[in-house]
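Here's a quick briefing on how the pieces of this fold sit against each other. Have the structure open while you read.

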Amino acid sequence: MRVHDLTRHRLSVAADFDYVWKDVEPGQLAAEFQKDPPEGPTDYGQILQKLEKNIFPGALSWQHPQFMAYYPSASSVPAILSETVIASIGSVGLQWKSNPIGTELEVVVMDWVAKFLGLGPAFHHTSGVGGGIIQNTAGEAMLNMMICARTRMHRRLQPDLSWEDAFHQDSSSFAVYISDQAHFSVEKACRLAGLRCRRVPARLEGNYSLHPSDVKEAMEKDRAAGLRPVALVLTYGSTNTSGTDDIAAFKDLAKEEDLWIHVDAAYAGAAWALDEFRKDSQAVSDVVTSVNMNGSKWFLCGFDSAFLWVRDRNLLLDVFSASGVFMAEVGETSIYNPEFKDWSVPLGRRFRALRIWMVFEYFGTSGVRSYIQQAIDQASWLRSKIEESPLFEQPVQTKFGLVCVRSVKGEETTQQLAKHLSDLGYGIAPSKICEKDALRIALGSAATTQAHVEQLWKDMVTFAEQH
Ligand code: PLP
């Protein structure tokens, strides 16, 4: 299986580093550079030396096998090689005509990935109604969705309103509901779209999850105070603890309230590729208006590959369509020529679809799937070790490739453990769960093997036995 090649062939220069991160102070790196740009040319030999001296030491090695912080941003050899091809072609996808293969391949790969994840035909371009688009980040995808949700609601309330006028209506009573575990970019998206963001407390029950009755209650209270529920953003794989909201459970509420339901599956949407999690992507297909998932996290596609799918492209077209002279007229479209400039803010588009295509060509769906499974297997192994051990405890029941752990001896020992692992070269982010310190160990870096995880466990046990 080619996925195993990833660990034999060095993924990138970063994977060759013997450290994940180095202690540097802000400004220390920039101080090594001249204040003005060089007057004359520098040859490649010298540039390589400068890369070694001034650039690599300041880069956090996200592709390193001991990188287990945040969530992974797993890249792969085909993803890295594709960037050279993309830059060499150098086409800018302003519209279909400005790089026809750029648009058509994006349509093809967005349908490939939707099928791979089990998102139903409603989200496929070939439906002629739904479809997917690559955005820069999950945060931008969600901002776009919130703007569309706002505009849709104005048109629902006043069906005769033109789209133009819909933008100039007062939205100050419009509210969006999210879990208190949702990523802060959801809150930011609501704020920028001019919507009130209501964080509803998720229930712990194993690992945080939002309950429909709590959301309903919050909506009823808000309605009594003059607010109008417009959208609900559910999280599938929360950033701190990998908690998931039960998407299917919100079906009735969505209908009753005529809500735009968006699912932020930036990290854990990758798991839908596995049979075990298929029922959740089935729920997305049944219930939601739009969904985002990052191909740049746990998917081997590298940054930036923020996928967004919508059930009805018209909801985007009515907000983002615009054209000018020497551009295609709005509406001159077909399945393989959807004019992505009318689906989102940017006009110029990088040929990111090529990266996704190369990753799937190289590994096949079986290779990508086995890579995703590998992170789950590593995390399950580590969780089972922690469960059996009297030295550690898990504050929540994490899922996917995430493990959250703390020392049974309390806050101070947990903090010391974090420092100790960092000194040993691990990139592991400390966090707070239920207001107490915990370590988040996010597996899924493409270079991390079972042997690395077993070594980590040994290092944790050795520390705990001595403290
Ligand atoms: N949503 C979730 C669940 C995340 O974990 C993250 C980042 O880790 C984001 C959104 C933000 O992603 P982006 O950096 O693509 O905006």
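H4 and H12 have axes that come within 9 Å of each other and cross at roughly 45°. Keep in mind that this is a predicted model.

**H4 against H12**

- With a crossing angle of roughly 45°, H4 and H12 are therefore oblique to each other.
- The crossing is left-handed.
- On the H4 side the contact is made by Gly102, Leu105, Glu106, Val109, Trp112, Val113 and Phe116, and these meet Ala353, Leu354, Ile356, Trp357, Phe360 and Thr365 in H12.
- Sorted by class, that contact comes to ten nonpolar, two polar and one charged residues.

**H3 against H12**

- H3 brings Pro78, Ala79, Leu81, Ser82, Glu83, Val85 and Ile86, while H12 answers with Leu354, Arg355, Met358, Val359 and Tyr362.
- The class tally for the H3 and H12 contact is nine nonpolar, one polar and two charged residues.

**The seven-stranded sheet**

- This sheet is open, with mixed pairing, and its strands come in the order S1-S7-S6-S5-S4-S2-S3.
- S1 (131-135) and S3 (196-200) are the edge strands, each pairing on one side only.
- From one strand to the next, the twist averages 20°.
- H4 (residues 100-117) turns up again here: it packs on the sheet, touching S1 and S7 (306-310), and its direction makes about 105° with that of S1.
- Inside the sheet, S2 (residues 174-179) and S4 (residues 228-235) pair in the parallel sense over five bridges.

**The four-stranded sheet**

- The other open sheet is antiparallel, with four strands in the order S8-S9-S11-S10.
- S8 (392-393) and S10 (429-433) each have a single partner strand, so one side of each is left without a neighbour in the sheet.
- S8 and S9 (residues 402-407) run antiparallel and are joined by two bridges.
- Phenylalanine 392 stands opposite serine 407 in S9.
- H13 (residues 411-423) lies across S9, S10 and S11 (436-442), running at about 30° to S11.

**Around the ligand**

- The ligand has 14 residues around it, and the closest are Thr137, Ala138, Gly139, His183 and Ala266.
- By class, the shell splits into five nonpolar, eight polar and one charged.

- Most peptide bonds are trans, and most residues other than glycine have a negative phi.
- The peptide bond between phenylalanine 303 and aspartate 304 is cis, with omega at about 5°.
- Aspartate 304 sits in the loop between S6 (290-294) and S7.
- Glutamate 205 has a positive phi, near 30°, in a residue other than glycine.
- You'll find glutamate 205 in the loop between S3 and H8 (212-224).

Key:
Residues numbered from 1 in each chain as written. Predicted model: local features only at pLDDT ≥ 70, side-chain atom pairs only at ≥ 80, totals over all residues. Contact = placed C-beta atoms within 7 Å. Nonpolar A, V, L, I, M, F, W, Y, C, P; charged D, E, K, R; others polar. Near = placed C-beta within 6 Å. Pairing = 2+ DSSP bridges. Axes fitted to C-alpha atoms, helices over the stretch in contact; angles between N-to-C directions. Parallel < 35°, antiparallel > 145°, perpendicular 65-115°, else oblique. Left-handed = near helix turned anticlockwise from the far one by under 90°.
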